[in-house]
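Q: Can you walk me through a few local features of this one? Here it is.

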Amino acid sequence: MIAVVPRQSRRKLGVLVILLLLLAVVGSVSYVGWRQSVSGPVVVNAPPRLVGHKATFPITIEARRGHVLGVEIAVVQGGRSTVVAKADGPLGRRAEIPVTIEAAAQKLREGEATLEVRAPDDFWRPLRLDPRAAATFPLTLDLTPPKVEVLSATQYVSNGGVALVAFRVDGATAIEVAVGPAVFPSFPMGPPERGARVALVPLPWDMPATAPAAVRARDDAGNVASRGIPFEMKPRRFPRDVINVTDAFLQAKVPELLPQHPPAAPLIDGFLVVNRDQRKQAEEEKRRIGAKTADKPLWEGAFVQPRNTKVFANFAETRTYLYQGREIDTQVHFGYDLASTKQAPAPAANKGVVVFTGPLTIYGNTVVVDHGLGLQTLYAHMSSIDVKVGDQVAKGQELGRTGTTGLAIGDHLHYETLVHGISVTPVEWWDAKWIRDRINLPLKTAGLGEIAGLEPSAAAPGDEGSGPTRRRRR
Ligand SMILES: [Zn+2]
């Protein structure tokens, strides 16, 4: 049998075949076109715009399709191309390449340049992609370090004390004053065009005499400059004391300071939590409060010690705690304990602004007065507080009344001098001569004015270098 296909149907079949062929051609062409249109690998993170003598940064490359075959990164400057990073593939879909630019070693010079990233992939395209560049980025090489000049500094310093450094910095965006591992802020002073700054530097009580001190400056390109501060360290020694912890004291204080302490647990365990953890918390809070400071001196003349007070504990006294004859803890006492009558007025030691009021763990009810440049005074164990945060206070103004709140044995004022939240001895600041020699003199030498109220004739008799009354009880 022969099947007879009608003429009309044969024509239809022909059209269908042509259509199918056309579709195949169009499909192939668009598939090939799509393959060609897929772009090469892209850089997904922007490199730094500005680099200094040495810069290290990653460049992350991602293939749109296929895999990154290899990466070559070069700095092009004045027509010369210097390869600064290279990785041979295949590297996968995404690759992170560490780049190190070292201007001297790579013979790069200061000025404009281009960072070229070349990264081919293994994705098939009918026509090869331009293998040269996945991306280019403008780059500026800044090889000029900031300038730092120390104008003056306190000559003789002691651990547990304070120093002043005046300096000038040019071309820096980050400036710090470093003593050992600690860094402290500085404040602009004098005419802005001069670029002079000052810093009060606290020297911790346990700072080794060999700890280096320096002004460090860094610019946006990462260039750094550092100048040593020529302090002459005269080591200072501090007393030791023994504190007998009694059950009566534990019964009075642990429930107040550690209300969450389980009633069945020994009170001495609660005391150790208070004496260690709460003391540490208070230190951290003091650092935070220390950052809330005026950028200029608010104080005038010497600081005043409350009238008719006896000193019965000193700054940086190392205290060994005994309980039932057993040594249970060792801590350092950071203030002066000043006692007179119960609920005696606690006067502001100098002019300033109240920056903290309220309970502060072992310190009980506490007031902190800011005197500017990071210098603050702290008043603890208060029974009442008469000032609030933001109040401007005069020298001698009553801040509240002394008491026994916090870890206090009897009614007294625990008084601290702080610089950037670090406790220092109050003795220096009670002494007008010390302020004149160690703070005013370097300020004047640098041509940055002086602290008001320090003229020998202008000083009140009580301000004149007599220092605190030192009569130890116990
Ligand atoms: Zn105290």
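Q: Let's start with Thr 361: is the residue buried or exposed?
A: Thr 361 is buried, with 20 other C-beta atoms within 10 Å. Buried here means 20 or more other C-beta atoms within 10 Å of the residue's own, exposed means 12 or fewer, and partly exposed is in between, with C-beta atoms placed from the backbone.

Q: Before we go on, what sort of model is this?
A: A predicted one: local features need pLDDT of at least 70, side-chain atom pairs count only at pLDDT 80 or more, and totals for chains, interfaces and linings use all residues. Residues are numbered from 1 along each chain as its sequence is written.

Q: OK, where does Thr 361 sit?
A: In the loop between β25 (352–359) and β26 (365–372). Strands are DSSP runs of E, at least two residues, numbered from the N terminus.

Q: And what about its phi?
A: Thr 361 has a positive phi of about 40°, though it isn't a glycine. Most residues other than glycine have a negative phi.

Q: Which loop holds Ala 316?
A: The one between β20 (310–313) and β21 (317–323). Phi of Ala 316 is positive too, near 60°, and Ala 316 is buried, with 20 other C-beta atoms within 10 Å.

Q: Switching to sheets: what's the strand order in the open sheet of three strands?
A: β1-β3-β6, with antiparallel pairing. β1 (42–43) and β6 (94–102) are at the edges with a single partner strand each, so one side of each has no neighbour in the sheet.

Q: How many bridges join β1 and β3?
A: Two, in the antiparallel sense, with β3 covering residues 54–62. Pairing takes at least two DSSP bridges between the strands. Val 43 stands opposite Ile 61 in β3.

Key: Helices (H or I, at least four residues) and strands (E, at least two) are DSSP runs, numbered from the N terminus.
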